[in-house]
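Reader: I would like to learn how to read helix packing and aromatic pairs. Could you take me through a structure step by step?

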Amino acid sequence: MPQQTQVPVLGSTIEQLRAGFADGSTTPSEALELTIAHMEKVQPSINAIAATDVDAARESAAAATRRWEEGRQLGPLDGVPVTVKDSVNAVGLPWRHGTKPNDGLANAEVDAPPSARLREAGAVIVGKTTMPDFGMLASGVSSLYGIVRNPWDLSVTPGGSSSGAGASLAAGLTWGAIGTDIAGSVRLPAAHCGIVAIKPTQGRVPHLVPSTVRSAGPMGRTVADVAELFRVVGRFDARDSLALADEADCADPILPLDDVKGLRVGVLSDMGYGFPADAATLRTLRAAADVLAAGGCEIVDLPAPFAPGVYDALDTLYVVRARAELESHGDRGGEVLPGLVRWIEAAGPLSATDYERALGRVTADQMAFAAMQRDVDVVLSPVLPSAAFPAEHLGMNQDRPLEHCSFTAWFNQTGQPAVSMPFGEDGGHPVAIQLAGPRYADRRLLALAGWLEERRGTEPDWPLVPRTTPADVWKEA
């Protein structure tokens with residue numbers, strides 16, 4: 001009999017949980033029951049879970065338990081409880097896209113690619129996480145689900161649009177989540193909630209419907225957890241016509257990275273428009289740059305890439321996308337979140353010519369943004385201009401609710417991979433940094449994030465009991 005070790009289940013890593021499965025100190029069924037019990041305690045406070053299928057999850061966990069006992073695991077996530085975002089189809093669970101007009105639709109009968117890959121690896125999909133209407137807000141306010149709250153401080157937003165995914169991971173509900181990202185929607189909640197997320201190279205993680213700017217992205221409490229998820233969901237799926245072929249070295253480990261010497265790191269602290277980064281954000285950014293410099297990286301300060309007014313064209317693309325979904329609901333459009341409708345209507349009538357003109361402007365701007373990065377290996381920037389805003393708000397600017405996504409949105413347009421990871425705090429709220437690299441450099445970017453995480457010297461003191469007032473973010477590693 002192998003020696004049993006006590007597994008710190010709530011808030012533990014995937015590796016720790018898997019070690020518990022291997023030595024018999026816990027089982028997938030026990031981990032799931034702890035998850036369900038913990039969910040019942042914290043869900044009323046954070047509102048992170050959109051739907052569950054407990055019976056199906058128990059069947060999956062029981063099957064995984066038998067496989068571990070017999071030594072025939074399906075894959076690296078066998079028995080690990082996870083969630084997927086409301087917008088990601090999973091068999092037996094509802095798809096609502098965060099909006100009340102979709103309430104009552106039939107449950108999904110086919111898994112989207114991320115859900116399919118998770119099941120193939122043995123993961124137990126516990127349920128789906130909440131999101132705002134249409135996924136078109138960077139906050140957790142929804143006409144269907146209400147207000148999602150951040151477990152670090154229930155008065156502030158968990159970010160969005162993968163709102164429930166960020167909140168549930170910080171609160172220790174599951175060991176991983178899949179979100180989606182069109183302007184920062186996995187990275188923004190990761191930043192607000194003190195977790196890690198990657199928006200992959202466009203096409204690296206297949207998803208439906210195919211998109212040139214929206215990606216599915218893994219989210220977890222540590223870089224290693226995100227890397228585990230990335231290896232699983234980043235497999236080719238022919239249903240996504242834009243999906244990339246599997247990487248030849250996909251079985252090789254992503255972590256650890258031993259040496260960063262010689263990397264040329266561009267520090268981007270100002271986008272040239274929108275909300276400027278506040279003092280705490282800039283202090284955290286500089287702290288990360290100093291760690292990289294101490295490791296032998298060359299640090300280069302990048303100029304602001306844009307001029308005021310650049311956001312107008314990008315906002316037009318967003319509002320047209322939102323308007324198309326609003327109009328698809330016909331008479332039920334009046335049930336959509338009023339603040340979202342106000343933003344859509346404030347744009348006024350937009351013609352196909354208006355849209356084409358805006359698309360041309362955004363295309364030119366994203367090409368210039370990509371060109372600016374050619375002389376550096378990685379871009380280091382904030383994720384958010386500041387750490388927190390009220391949970392009830394649609395965004396930092398409620399009239400243009402995606403405007404504060406300036407540091408994240410352009411990497412969707414260029415198709416580059418970008419990682420959000422916590423690196424500081426401001427008054428009890430996590431503060432994150434963003435690492436972005438060339439297309440197809442996802443694995444190297446995760447390795448660099450892991451290198452930084454090891455040298456942070458602290459780790460999050462997870463709010464497994466949601467906090468009504470801010471408290472210490474960090475504990476010693």
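Reader: How do α9 and α10 pack, and at what angle?

Author: Two packed helices are described by the angle between their axes and the distance between those axes. Here, helix α9 (residues 311-328) and helix α10 (residues 338-346) pack at about 120 degrees, with axes 9 Å apart. Axes are lines fitted to C-alpha atoms, for helices over the stretch in contact, and angles run from 0 to 180 degrees between N-to-C directions. Helices are DSSP runs of H or I with at least four residues, strands are runs of E with at least two, and both are numbered from the N terminus. This is a predicted model, where local features need pLDDT of at least 70 and side-chain atom pairs count only at pLDDT 80 or more, while totals for chains, interfaces and linings use all residues. Residues are numbered from 1 along each chain as its sequence is written, and side-chain values use heavy atoms, leaving out hydrogens and water.

Reader: What word describes how α9 and α10 lie to each other?

Author: Angles under 35 degrees count as roughly parallel, over 145 as roughly antiparallel, 65 to 115 as roughly perpendicular and the rest as oblique. α9 and α10 are therefore oblique to each other.

Reader: Which residues of α9 and α10 meet?

Author: Contact means heavy atoms within 4.5 Å. From α9, Asp315, Tyr318, Val319, Ala322, Arg323 and Leu326 meet Val341, Trp343 and Ile344 of α10.

Reader: What about α4 and α7: at what angle do they pack?

Author: Helix α4 (residues 113-120) and helix α7 (residues 223-233) pack at about 105 degrees, with their axes 8 Å apart. They are therefore roughly perpendicular to each other. Pro114, Arg117 and Leu118 in α4 meet Leu229, Val232 and Val233 in α7.

Reader: Now the rings! How many aromatic pairs are there?

Author: Rings of Phe, Tyr and Trp (its six-membered ring) pair if their centres lie within 6.5 Å; planes under 30 degrees apart count as stacked, over 60 as edge-to-face and the rest as tilted. A search of the whole structure finds seven pairs. In one of them, Phe306 and Trp410 have ring centres 4.5 Å apart and planes at 35 degrees, so this pair is tilted. Phe306 sits in the loop between β10 (298-301) and α9, and Trp410 in helix α12 (residues 406-414), 104 residues apart.

Reader: Are Phe306 and Trp410 buried or exposed?

Author: Buried means under 20% relative accessible area, exposed over 50%, and partly exposed in between (1.4 Å probe, protein chains only). Both Phe306 and Trp410 are buried. They also belong to one aromatic cluster with Tyr273, Tyr311, Phe369 and Phe411.
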